[in-house]
Each structure stands twice: as structure tokens, then as C-alpha cells.
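Subject: A structure for you to explore

Hello! Here is the structure I promised to pass on, and my notes follow below it. Please open it and keep it beside you while you read.

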Amino acid sequence: MNSTASWDTFLMLWNLKPQARAFRYVSHKDIITSVQFSPVGNLLASASRDRTIRLWIPDKRGKSSEFKAHTAPVRSVDFSADGQFLATASEDKSIKVWNMFCQRFSYSLYRHTHWVHCAKFSPDGRLIVSCSEDKTIKIWDTTNKQCVSNFSDSIGFANYVDFNPNGTYIASAGSDHTVKLWDIRVNKLLQHYQVHSGGVNCVSFHPSGNYLITASSDGTLKILDLLEGRLIYTLQGHTGPVFTVSFSKGGELFASGGTDAQVLLWRTNFDEFNSKDIIKRNLKRLHFDSPPHLHDIYPRTSHPHKGKTETVEINPKLEVMDLQTSTPPVVDILSFDSTTATETTIRTLPDKSEEICGYFLNPSLMSSDCSPTTLKKENEDISNLRSQSQRSIPLAVTDALEHIMEQLNVLTQTVSILEQRLTLTEDKLKDCLENQQKLFNAIHQKS
């Protein structure tokens, strides 16, 4: 199964075997900005500019759970390696973490002063890395909810950031056309690649940790050999900016998507890895300051690659046989909400306890308080309460509650607009201070 999201507000689930077909999930009201499968593959999370996050069951029924807490468009979603938590990043300058076991909001992380583009869990789940238009990359400790490291850039900001497979360093995709790798153990820049002529929008590590693939607005994909510190492949297949790229769990395939409305699936010549073994290895890491090994990057100097011609350029339209099949049949699935979770309210339970345990909860994570029998009893009680409340609530009260909800939505939009204006004011004030400092320095030098 493969999943794609697009500016057309649709979430697509592609089944390529044994016969190509696609399911189109219809529920978001605006552009979908991010999508990710849970580690087990039984859930699919999506983020949208409609300020919501949805958790989908990837099947024919299209059942989904809606999360509301952000006050601005949501830019990214990311599951922790054990599937217990979901991190979301938003233009409201916050990162929010959701508990997948309870299906509810857990906590927020605030330190960024501009839109947050991306937030990712470390492989062991102990850290979160985030990047923002405030030109900083921050490392957060998930235990004490504090920022423990900060990387800043004076030129551009990072569009995307992610941990390498063993969690010792991070890679950032820069709006200034660069790709940078930072060692989070010593807080130093390891490598600095200048291989694109446009902003870099996404990066993805091969499961071995030895290769990094990048997607750029210059319309190309590039593969970097991190052990040798050099560019090895340039891939040309898209006819416009490339916004996303991702390796498969085993590393034998990767997919890319861009503004040309195409999703290209590529096969690699790298070694294939067992994704389950990789997950187990990452979860067994107990010490953050582990000794260096082959996955560490050396040397620690910058590696600009301007003008080098020793790389291999691949254009699939000219050099590779076109293996695409005819347009697969698409099944439209209109999603219905099973639950709605917000920052201040706990979700209600669906009608059937079997569906809760089978889809929205990981059975291996269930406690005795959330056993099927307990859930079934709670369901019966809740359904009885619902039926009684539906009979007893007058229509006038219902209308009043709906009016209050509408007013709250207007208030949320107003707060978002005020935040954006405040950000613009902060930027202008910063520019004024910088100009004033330059003028002062010039006067001081003349005197």
C-alpha cells in the first residue's frame, strides 16, 4: 500500500498488487500538506490547511478520527516509532503531541517565533526535531517537554528536517538551496551540500543511513553518499518543482511527487533492509551518547559540489523503460467521523468496542482499564446516556450550542489573523533594529 496527498484536498491510497487500483478519501476541506502511515500500517495520519489532523483506517470504509487543536494550517504529521504518539507542526508556531492510545491531545511545545514547517520524532522516541521560518532548528526532550538544543541559520530557513536512522544526527532541507547535516551529540555542523539551484523541500534517509535523497524546487532529485560526502546521482523526471520524496521501509524503492501532479516510483540499486529489524534496533537504543560507529559522518567539513561533473544524471523519460500501467480505477470514499478530539476535550467512544480495539488502538498497548469487556460496558452506558440526552435536550439549547461553536470558530480565526499580524510586526521591528545598528556602526566608524 502507498499513500499520497495533494492540493486537490484528496487523500489517495494506492494498491499496486495484484491489480493496480486506488481509493480516494474525501473529507478534508483544504489542501492536504502531509501524510504518514503508522509503524504497523494500521493507521494513516493526514494534516491539512483546514487546521485539522485526521487519523484514517486504510480500508474501503474510510472511517476517520478528527483532531482539532491548532489555530492555523497544519504542516506535518509524524508517528513515533512505537506508534504511541503523533507529532503535528503548524503555522500557529506550535508543535502538538497526541496520544494515540487514548486518542486525545497530550501536550504542546512553544518556542518558535514563526511558522513551524516540520516536526519529527527521533528513532527511539526520546526527542523531537522541528524547523521553522524563524530560521532555527530545535531539539525537544519528550520527557520534560523542554528545548534542549538549538541550531540557527542566518541565511535561510529549513523546509524539512529529519533524524538519520540511528538518531545521532539530523538533516535539514534549506530554502537557501542547501542540505545540512548536524551532529546533535556535539551540536556541530557535519556536512553542508550545495547541489541544488532551487530551494530544497524534502529529504529522506535510506534505512542504512549511508545515503540521503533530496527533492528540490529546481525539478530534480539528488542522492548523496554520506560516507564519502559526495553527490552520486541526479534524477530528472518531474516537469516542475519536487515537493516530497520518501524511501520505502526496506530501502529498495522510493517515491517522489511534485507540482506536475505526478507520483514517480523509483527502484534503487542499494542494499535492501528488513524494516522490522531496523525498528527493533532503534527501540533498543537506551543511551543518547552512544559511541561512534560506521553510521557517523566523517569528515566534519563542508562539502560544496558546485561545478562537479562526476555524478550520474538519470532521466527516466529518455533512459528508463516506462513501466507505468494504464490509469487505475479510482474508488471515491466519503469519510464519516468516528471521533473528534480537541485540545481540551477527550474523545467519545465509537459504537462498537471491536472497532476501537481493531483499528484505533494498538492491542499490544492496551491496559487492563481498556479491555474489550470494559469498553463494551462503557459503550453501553454511553449509548444509554446519549439516547436519554437526545430525548431531554430541547431544540433551543441545541441551536444555542451550535451558535456558540460558530462564534468560537470565528474567534479562532481572529486569533490566527492577529498572530500573523504580530509576526509581521515582529519581522518589521527586527529589520528596523538591524538597520539602526548598521547606521550606528557606520556613524561610529566615520567618527
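This is a predicted model: local features need pLDDT of at least 70, side-chain atom pairs count only at pLDDT 80 or more; totals for chains, interfaces and linings use all residues.

In which sense do strand β18 and β19 pair, and over how many bridges? Strand β18 (residues 179-183) and β19 pair in the antiparallel sense, over five bridges.

Residues are numbered from 1 along each chain as its sequence is written, and side-chain values use heavy atoms, with hydrogens and water left out.

**The whole chain**

The protein chain has five helices and 29 strands. These elements are DSSP runs numbered from the N terminus: helices are H or I with at least four residues, and strands are E with at least two. Of the 447 residues in the protein chain, 47% are buried. Here, buried means under 20% relative accessible area, exposed means over 50%, and partly exposed is in between (1.4 Å probe, protein chains only). The protein chain exposes about 23,400 Å², and carbon and sulfur atoms supply 55% of that area. Accessible areas come from the Shrake-Rupley method with a 1.4 Å probe, and for residues only the protein chains shown count as cover. If you look at contacts (heavy atoms within 4.5 Å), residues 24 or more positions apart account for 49% of those with a separation of 6 or more.

Now back to β18 and β19. They belong to an open sheet of four strands, in the order β16-β17-β18-β19, with antiparallel pairing. Because β16 (158-163) and β19 (188-193) stand at the edges with a single partner strand each, one side of each is left without a neighbour in the sheet. From one strand to the next, the twist averages 20°. Such angles run from 0 to 180 degrees between N-to-C directions, and the axes are lines fitted to C-alpha atoms, for helices over the stretch in contact.

Another open sheet has three strands, in the order β24-β25-β26, and its pairing is antiparallel. Its edges are β24 (242-247) and β26 (263-267), each with a single partner strand, so one side of each has no neighbour in the sheet. Neighbouring strands of this sheet are turned by 20° against each other on average, direction ignored. Strand β25 (residues 253-258) pairs with β26 over five bridges in the antiparallel sense, and G257 stands opposite V263 in β26.

**Salt bridges**

Side chains of opposite charge can pair when their charged atoms come close. A salt bridge here is a side-chain nitrogen of Lys or Arg within 4 Å of a carboxyl oxygen of Asp or Glu, and by this rule the count comes to seven.

E91 forms a salt bridge with R49, with the closest N and O atoms 3.1 Å apart. E91 lies in the loop between β9 (85-90) and β10 (94-99) and R49 in the loop between β5 (44-48) and β6 (52-56), so the pair ties together parts that are 42 residues apart in sequence. E91 also meets R75 in a salt bridge (2.9 Å, N to O). That pair links distant parts of the chain too, since R75 sits in strand β8 (residues 74-79), 16 residues apart from E91. Together, R49, R75 and E91 are linked in a network of salt bridges.

Which of these residues are buried, and which partly exposed? E91 counts as buried because its relative accessibility is 6%. R49, at 31%, counts as partly exposed, and so does R75, at 22%.

Elsewhere, E66 forms a salt bridge with K68, the closest N and O atoms being 3.6 Å apart. E66 is buried at 7%, whereas K68 is partly exposed at 39%.

N99 is found in strand β10 and counts as buried, at 18% relative accessibility. Not counting residues up to four places away in sequence, N99 touches Q84, F85, R104 and S106.

Enjoy exploring, and send me your questions!

Technical notes. Two strands pair if DSSP finds at least two bridges between them.
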